[in-house]
Amino acid sequence: MGATYWFGRSIITPLARVVYRPHIEGRSNVPKTGPVIFASNHLSFIDSIAIPVASPRPVHFLAKSSYFEKTFSRWFFTAIGAVPVQRGAGQAALDALDQQRVLLEGGSTVALYPEGTRSLDGRLYKGRTGVAFLALQTGAPVVPVGLIGTDDVMPVGAKLPSLTRRITVRFGEPLELSHHGPADSGRARRLATDDIMAAIHALSGQELANAYNEVPAHNPIERIKQVLPHERR
């Protein structure tokens with residue numbers, strides 16, 4: 001993280017705390033050193049601002065590379081710790097996991113959303129196994145995060161956030177997941193993911209969807225893939 005991040009953090013964090021007066025719980029649960037994975041529910045675009053503002057440590061998260069094409073948006077996303085990534089499945093998804101692994105091996109904190117995309121109905125969807133894979137591969141503890149009210153501050157489709165709503169950010173106790181088995185075990189990844197989602201649910205109190213939050217399929221092949229049983233990364 002360079003000068004842009006630290007300069008931006010020194011401006012954005014205190015300003016956001018004054019404007020939104022967020023309730024922040026469990027900051028002491030965040031390890032002070034070493035790699036950490038924040039695994040959070042995902043309700044709004046501003047989730048990726050709320051977590052860095054509330055965190056006692058600098059946080060990296062992945063953002064679409066298109067956000068970095070214009071000068072101001074590039075400065076803003078760099079200032080809140082975003083790392084550009086080409087979004088998608090297949091090789092793009094593997095490249096994103098690799099970027100996160102490198103950050104964790106360097107002792108950084110990364111924030112991820114196991115649901116994969118924002119919940120449009122406020123329910124908590126089943127977790128994809130990429131977060132568990134990273135945790136089991138790197139040994140990084142997972143700190144579950146429950147976000148409450150971010151969808152009221154900036155609902156899906158809103159262009160500007162509300163200035164009258166307050167949010168709550170809850171950091172849970174770190175999860176140690178190695179007892180489930182190695183990262184190359186599908187069963188270990190699934191069990192670890194279920195532990196992560198249970199911890200997020202305990203913090204957020206959301207209704208459970210008991211389904212994956214699938215991005216709408218754009219062609220017949222994608223629709224077939226969603227129907228067939230497979231591991232959601």
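Start in the loop between α7 and α8 (220-227), where you will find G205. Helices (H or I, at least four residues) and strands (E, at least two) are DSSP runs, numbered from the N terminus. Before going further, keep in mind that this is a predicted model: local features need pLDDT of at least 70, side-chain atom pairs count only at pLDDT 80 or more, and totals for chains, interfaces and linings use all residues. Residues are numbered from 1 along each chain as its sequence is written, and side-chain values use heavy atoms, with hydrogens and water left out.

Stay on G205 for a moment. This glycine comes just after α7 and takes a positive phi of about 70°. Is G205 buried or exposed? Its relative accessibility is 61%, so G205 counts as exposed; buried means under 20% relative accessible area, exposed over 50%, and partly exposed in between (1.4 Å probe, protein chains only).

Next, slide along to N210, which sits in the loop between α7 and α8. Its phi is near 55°, a positive value in a residue other than glycine. Most residues other than glycine have a negative phi. N210 is exposed too, with a relative accessible area of 64%.

Now step back to α7 itself, residues 186-204. This helix has 19 residues and reaches 27 Å from its first C-alpha to its last, close to the 27 Å expected at 1.5 Å a residue (the expected span is 1.5 Å times one less than the number of residues). Colour A188, R189, A192, T193, I196, M197, A199, I200, L203 and S204: these are buried. They cover an arc of only 160° around the axis, which puts them on the same side of α7; the arc is that of the directions from the helix axis to the C-beta atoms. On the face turned away from that buried side, pick out the exposed residues R187 and A202.

What covers the buried residues of α7? Show β2 (36-40), α5 (130-138), β6 (142-148) and β7 (168-171), which are among the covering elements. Of these, take α5 next: seven of its nine residues are buried, namely G130, V131, A132, F133, L134, A135 and L136. Just after α5, G139 has a positive phi of about 80°.

For another enclosed helix, select α2, residues 47-54. Eight of its eight residues are buried, so α2 is largely enclosed by the rest of the structure. The run goes D47, S48, I49, A50, I51, P52, V53 and A54.

For a surface stop, select L15, V18, V19 and L163, which form a nonpolar patch with about 390 Å² of accessible area together. Patches are made of residues with over 30% relative accessible area and no salt bridge, with like charges joined within 9 Å and nonpolar side chains (Val, Leu, Ile, Met, Phe, Trp, Tyr) within 5 Å. A salt bridge is a side-chain nitrogen of Lys or Arg within 4 Å of a carboxyl oxygen of Asp or Glu. V18 lies in helix α1 (residues 3-20) and is exposed, at 62% relative accessible area.

Finally, zoom out. The protein chain has eight helices and seven strands, and 45% of its 233 residues count as buried.

Technical notes:
Areas by Shrake-Rupley, 256 points an atom, 1.4 Å probe, with all protein chains shown as cover. Contact = heavy atoms within 4.5 Å.
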